[in-house]
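Student: I have a structure open on my screen and would like to talk through its contacts. Could you help me read it?

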Protein chains: 2
Amino acid sequence: MSKQLDMAAGENCVCFNLRWVTRAVTQFYDAEMRRHGIRPTQGSILASLNSKDSWNMAELSDWLGMERTTLVRNLRPLQRDGFVKAVGGGRGNRVELTITTKGRKQVESLTPAWKAAQSAVVKTLGEKRWSAILSDLETAALALNK
Amino acid sequence: MSKQLDMAAGENCVCFNLRWVTRAVTQFYDAEMRRHGIRPTQGSILASLNSKDSWNMAELSDWLGMERTTLVRNLRPLQRDGFVKAVGGGRGNRVELTITTKGRKQVESLTPAWKAAQSAVVKTLGEKRWSAILSDLETAALALNK
DNA sequence: ACATGTTGTGTGTATATGCACTACTACGAC
DNA sequence: GTCGTAGTAGTGCATATACACACAACATGT
């Protein structure tokens, strides 16, 4: 049987459905990661910082697809907890963002929890289907950013 | 060429990718809807209220897949602006949530903006793929809620 | 009548998100 | 040199999110 949804019907709002699923998935990852004192969003930021020596604000926000001013605020708990160091910055000045040693340790100790969540989520549809979905969603998101 | 992603690699975190795409899609819908003074999340809530005469808090949060305490707060701007009426409520008492006449009018005047955004987003991948993706994502989200 | 468990609602605190706006720097045109 | 413009970073305000907790009403067993 086909699973066609009527995309002109309000109940099938792409935005609402994506937000709904994202809430559920985020809660699932969060449940695995919270005992390390790190949220999924923060984990993504740390992982990016861990993959390249130095970033400035605009570069990193671009990479993460996160609004620049959102990133400014999302970095604060990570700076407060000593996972990220920001040198320079202030109005008009470039800031140099780097992950600290403590931050790298956090990424490492976090990895098993992330893997557990990721693997459980991937199992729901299988790797192939998830790969196709993420690839399609990336296509859609990039098309909207034009 | 195949588009297989390595789902064990950190860059392909399902949570991060869903959050990223959802941010982009939400911004897109929001750009269409904001001139009506309504955000996408609020629109979803109003549309639900519009589809059934009376809800209480737990029912509606369940229907929306939105944490109950999140819904309590998300309703506030809608009550403040006179789109939703809450009768009863308070600690321990059931609340009866209903959309007002003003709320119904808002839903109607909002519909063209929603349709414009929905249609533009659907065009990025085509109706068929979006239907399949939403259907799969629903399967995944339900599996995680077990 | 009373204890108790279940259901239903709201608050405290913290993070996540983004538009409009401010403010400073750097650099090129002149 | 200075003037304008593009680039970069941060703030004000409002919404969105959810866990831990508090509290009230109700059913039910004793």
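Tutor: Happy to! First a term: a salt bridge is a side-chain nitrogen of Lys or Arg within 4 Å of a carboxyl oxygen of Asp or Glu. This is a predicted model, in which local features need pLDDT of at least 70 and side-chain atom pairs count only at pLDDT 80 or more, while totals for chains, interfaces and linings use all residues. Residues are numbered from 1 along each chain as its sequence is written, chains are lettered from A and ligands numbered from 1 in the order in which they are written, and side-chain values use heavy atoms, with hydrogens and water left out.

Student: How many salt bridges does the rule find across the interface of chain B and chain A?

Tutor: Asp136(A) forms a salt bridge with Arg129(B), and their closest N and O atoms are 2.7 Å apart. For the interface of chain B and chain A, the rule finds a total of two.

Student: How much area do chain B and chain A bury between them?

Tutor: Buried area is the accessible area (1.4 Å probe) that two parts lose on being put together, summed over both. Here 70% of it lies on carbon and sulfur atoms, and chain B and chain A bury about 5,500 Å².

Student: Which residues in chain B lose the most area to chain A?

Tutor: Three residues together make up 12% of what that side buries. They are Met7(B), Trp20(B) and Leu144(B).

Student: How many residue pairs are in polar contact across the interface of chain B and chain A?

Tutor: A polar contact is a pair of N or O atoms within 3.5 Å; within protein, one must be able to donate a hydrogen and the other to accept it, and residues adjacent in sequence count only if both atoms are side-chain atoms. With both residues at pLDDT 80 or more, the rule finds 17.

Student: Which residues come nearest to DNA strand C?

Tutor: A residue is near a strand if one of its heavy atoms lies within 4 Å of it. Of the 32 residues around DNA strand C, the nearest are Gln27(B), Met57(B), Arg73(B), Arg76(B) and Asn93(B).
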